Amino acid sequence: MKKFNQFLSYGRQSIDEDDIQVVIETLRSPFLTQGPKIKQFEQVIADYVGAQYAVAFCNGTAALHAACYAAGIGVGDEVITSPITFAASANCVRYMGGTVVFADIDESTYNINPEEIRKKITPNTKAIIPIDFTGQPADMDAIMDIAHKHNLVVIEDGAHSLGANYKGKKVGTLAHMTMFSFHPVKPITTAEGGIIVTNNEEYYRKLQLFRSHGIEQTDFSVMQGGWYYEMTDLGYNYRMTDLQAALGLSQMAKIDTFIKKRREIAAFYTEAFQNIEGIIVPQQLEGTNSGWHLYMLQLEGISRKFVFEQMRYLNIGVHVHYIPVYWHPYYRKLGYERGLCPNAEKWYEKALTLPIHPNMTVEELSIIVSNIKELLK
Ligand SMILES: *Cc1c(COP(=O)(O)O)cnc(C)c1O
């Protein structure tokens, strides 16, 4: 087996000299934050996904929090989400005092199963937060059907899926609001950062309000004078800086190249592993084209822990995404118990994330593949 000299992470940013230059230029400009770059970045993202409005935030978690605020989620409201996600998809409901309801995943896509959502709907259900897990869009037609029937708001957690396609469309207008994250491992980066895109003007207004202390210019403040503003609700300082937005603009010029590269890597892995005993390769739902934020195998008949530890010893940054959210002590204390979502738990025991990011070389990929095959013997 072959060991890498340097640790190869499962995901990482791709930053070129031109990315560095735009950030330096912004540092020399009059605005470090709340300048023109934010609006430009919002416009570029909105145009890219075909949405009317975009509101940028300091990170994706803050963006999800704001979306829950805009959706009017509060104490007593139930919000249905998947247990196979990063904790933030559920935590945002808790920030608003709402109750998280976990619905089990589909065995073949690892995304939330619409049939399981249906079973969890009660008169208190207010919203659904599907995750485009690994970059593969959730079954959004089925989810939106359920939402229309029960008058629910859908906030799509697209942290993994900027640039992914669903039935000929880019992710971003399938739900009422869609969140993208710009953490360094995500499809593009602003270091930290997130955004909500929507076609709903009322959500747009509320998202902006929440991002900046609940302060706005009202008719009353205009009457009072140019200095006057009103704080009409309790908001936060969740703003993105112009430095981040400048980096985001530069990164967006390369998104299609990044996604193309990720799709090539995924195809390479699938080709290498699809007929290997003990390995299940990821499947795509008909009509979707994943952005491949993550590439995940399921291992059968071999200890996942053994493979994980051996690969880590070889400096290969395999990982596991994710521990079912309700297994965490915080959620256990709220009363969630093991066994709640059997498919998710079964899947979690077998799952292994392989490195995937735009700058990986064919040589690196070949070493990863041959090491895994060797370990399975
Ligand atoms: C990364 C991520 C988030 C949160 O985004 P941050 O920008 O890191 O706050 C939310 N949901 C999922 C599924 C994520 O992977």
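Predicted model: local features only at pLDDT ≥ 70, side-chain atom pairs only at ≥ 80, totals over all residues.
Side chains of opposite charge can pair when their charged atoms come close. The structure holds 14 such salt bridges, and three of them are set out here.

| Salt bridge | Closest N and O atoms |
|---|---|
| K254 and D16 | 3.1 Å |
| R205 and E216 | 2.9 Å |
| E309 and K305 | 3.5 Å |

Let's begin with K254, which forms a salt bridge with D16. K254 sits in the loop between helix 9 (242–252) and helix 10 (255–273), while D16 belongs to the segment before helix 1 (17–27), so their pairing ties together parts that are 238 residues apart in sequence. K254 counts as buried because its relative accessibility, 11%, is under 20%. D16, at 35% relative accessibility, counts as partly exposed.

Next comes R205, whose salt-bridge partner is E216. Here a helix meets a strand: R205 is in helix 7 (residues 201–211) and E216 is in strand 10 (residues 215–216), so the pair links parts eleven residues apart in sequence. R205 counts as partly exposed, with 34% relative accessibility.

The last pair, E309 and K305, lies within helix 11 (residues 304–313). Because these two residues are four apart in that helix, about one helical turn separates them. E309 has 42% relative accessibility and counts as partly exposed, whereas K305, at 56%, counts as exposed.

How values were computed: Residues numbered from 1 in each chain as written. Heavy atoms only, no water. Salt bridge = Lys/Arg side-chain N within 4 Å of Asp/Glu carboxyl O. Buried < 20%, exposed > 50% of the residue type's maximum accessible area, 1.4 Å probe, protein only.
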